[in-house]
Amino acid sequence: MEFMMLNLLEKIMDEVNCFSILWDEYYQNVMGNVLNRPLNSIPYFKILVNDSEDLLSPNYDTIKVVHEVKKNNCNLYVMFLANGEQIVRFLEFGDRYRTIDSRAKFILIKDRRMFSQKYNVLWKKLVNVLFIKQYKNSYRFELSTVPFPPPLKGPTIPYKINSWNNSFQKNQNLFQDKMSNLKGQTLKVVTFDHVPTTAVIVSNNRSKYDENNQQSYAGLEIEVLKALSNAMSFDFTIYEPLNANEEQWGRLQANGSFSGLLGEMSSGKADIALGNLYYTPYHLQVLDLSIPYNTECLTFLTPESLTDNSWHTLILPFQSSMWTTVIITLFLAGFIFYFFASYHRSIENKDFSSESSASTEFQLDQQNANKIITKLKIYFKPLRNYWKLKWKKFNRKKKFFKKYKAAYINKKWSFKSDFQYRLNHFFSSTETETVSRGLYIFEKIDSSILYTYGMFVIVSLPKVPSVWSIRMFTGWWWLYCILLSVAYKASMTAILASPAPRMTIDTLEQLAESKIGCGGWGDQAKKFFITSLDVASQKVGQKFEIIYDVDSAVERVASGDFAYYENIHFLHYLKVKHKDVNIINRYNNSENEKSIDKTKGKILHIMNNCVINMPVSVGLQKNSPLKPKIDSYLSRIVEAGLVIKWLNDAMFKIRIAEAESEKEQIKALMYLSKLYGAIVVLLAGYVLSVIALFVEIVIWYGIEKRSPNFDKYNMRSYYLEKKYKM
């Protein structure tokens, strides 16, 4: 045995950079001297094991040496123990805690107890293993290894690859590469529906990948799996874990096991896992991950709301500073008009003060006598006809003369006072208007501001003043009003023709400061935000909810009080699915689902900023021998650009549907809501008019009718007398 081991080590020593020897006292005495000969230039470690030591829980010294072996990247383990149970228990310890490189080479003493069915999972991971068996009463040795993958049921049966009798029978590589060509062996692949990596396609035809469930799969990782299958010559069957729609990746159970996809991998039921697995320590504790083939943007699906500013549409064309300037110029121009009118009126009053008198005597100008007489006849003709008619009625009712005598005398005197007032006003206004015409428009401050505002809204004056200072100012004010009104109309047209602006959450800081909640799948996402050093991320982590029902999460987002955390591709899928489920039916080539209207609620929006860009990998069993070859082929697939191509193919229909929905949303149509501002102004006018009417009624019944001079039979003379006294 010493010479056989010497030849064996010499044959493989070129491939070894460091190795360890685990033996008991018996094999130490048998081969101790022989192993020292060729090992002068190669570092190695020796571990002496007692026959009674349980290597499933080794002592401290053994564990310390094992860690040093792993630290020095030793790629050969020689284990010579008389008790085969100790060997497999030590290998189980290394597999469980990753203290042994399962992809290294192993030379073991063959023991039939090592091939029990309960150790099949172990031989599924340790494939570079060489068993040595010595025939009885002979110097002949048999070298064998385990098949890959081992049988699911029954014990593992090793097969012979070479023999030694003073020399090797065959000149071949003792540690053959079993992963390059799996010779059509079937691997189990676990997955679940998660676009774009994997999508379940339901059809009436049986699928060659899932004959029992009558369903097939498509997506980015399915294409990656097919490429690996062709390169490594293996077949595969795809299945979903129990309650895949709810469990998805899986949750940690009370007994320490996992459900869902991680549970299938940790129990050894599946060889490969497809499910958008992120390269994180959380996943690496349960399974192995290939090199990342892609990076994904993780962000939030948030509600999008339209800014409902229709009620103040009338003030949107100008900013607050512009409106302030317009109001100031309006009142300033009104006061300027009032000042000019008052100033010119005061000058005219001084000029005509010598000709006016408070008495009822009038001094008529000789030049205007003819005009005054003509106007006087026309002016008093209605009054003369009126009193003729009254006198006729009075004669008819002569028998009631005594009863209405007092009223008659009052009417007579009121007519006299009315006549005097009208005559005074006639001659004074006649003389004044010959000097300046139209000043009465701006003589009162309220009228001045009102007519100034009328010019602002392009309403002409009832009479243009004859005073040149007011005319000049009116011209420039008209020019200002035209320019201002044109600018206002143009801006208003643009606002009414444009779509309503939208309010979106596009940064993590905005989400942290908003009042809406947020959440995602699994507690690892919550831990990511809580343990972050970023203040905004910590705020998000404090209100982060763990939610396992994706549909209910999307409905909460649509209701406007939630944000859902996932990769950006899956969020695009959820956005389109919420908009129109028929798109999803076309994506799945399925006609079984009924069309569901899910367009109610807020418009869904995907946050522009990525929270983190996470690498994505293919999942493998812990210490899987497939990892080196899969990593090699994955790197070639990525370099060839196939991942980007397959991702675009998987998202093609979704992006088309999303683009169509975006076109529908940006249409600029006229709605009644856009005119709410005009309706508000109209209603305000109605309300103010009703209030003014109510005030007038109060004044009429509370003040006017209670006046001692009030005469309901002669209202005209009452108001003329009241105005004359004022």
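**A note on the cysteines and helix α19**

1. Let's start with a cysteine in the interior: Cys-518 is buried, since its relative accessibility is 0%, and the cut-off for buried is under 20%. Cys-481 also comes out as buried, with a relative accessibility of 0%. Please keep in mind as you read that this is a predicted model.

2. Next, the bonded cysteines. A disulfide is a covalent bond between the sulfur atoms of two cysteines. You will find 2 disulfides in this structure. If you number the bonded cysteines in the order of the sequence, they pair as 1-2, 3-4.

3. Cys-297 sits in strand β14 (residues 294-306), while Cys-610 belongs to the loop between β19 (603-606) and β20 (612-620), so the bond ties together parts 313 residues apart in sequence. The link of Cys-297 and Cys-610 is left-handed, with -110 degrees about the S-S bond.

4. How do the two ends of this second link compare in accessibility? Cys-297 is buried, at 8% relative accessibility. Cys-610, by contrast, is partly exposed because its relative accessibility is 36%, and partly exposed covers values between the buried limit of under 20% and the exposed limit of over 50%.

5. Finally, have a look at helix α19, which covers residues 568-579 and has 12 residues. From first C-alpha to last, α19 reaches 17 Å, close to the 16 Å expected at 1.5 Å a residue. What caps the N-terminal end of α19? Asn-567 does, by placing a side-chain oxygen 3.0 Å from the backbone nitrogen of His-569.

6. His-569 turns up again among the buried residues of α19. Others buried in this helix include Phe-570, Leu-571, Tyr-573 and Leu-574. Further along α19, Lys-575, Val-576 and His-578 are buried as well.

Notes:
Residues numbered from 1 in each chain as written. Predicted model: local features only at pLDDT ≥ 70, side-chain atom pairs only at ≥ 80, totals over all residues. Heavy atoms only, no water. Disulfide = S-S within 2.5 Å. Helix = DSSP H or I, 4+ residues; strand = E, 2+ residues; numbered from the N terminus. Buried < 20%, exposed > 50% of the residue type's maximum accessible area, 1.4 Å probe, protein only. Expected span 1.5 Å × (residues − 1). Polar contact = N/O pair within 3.5 Å; in protein donor to acceptor, adjacent residues only side chain to side chain.
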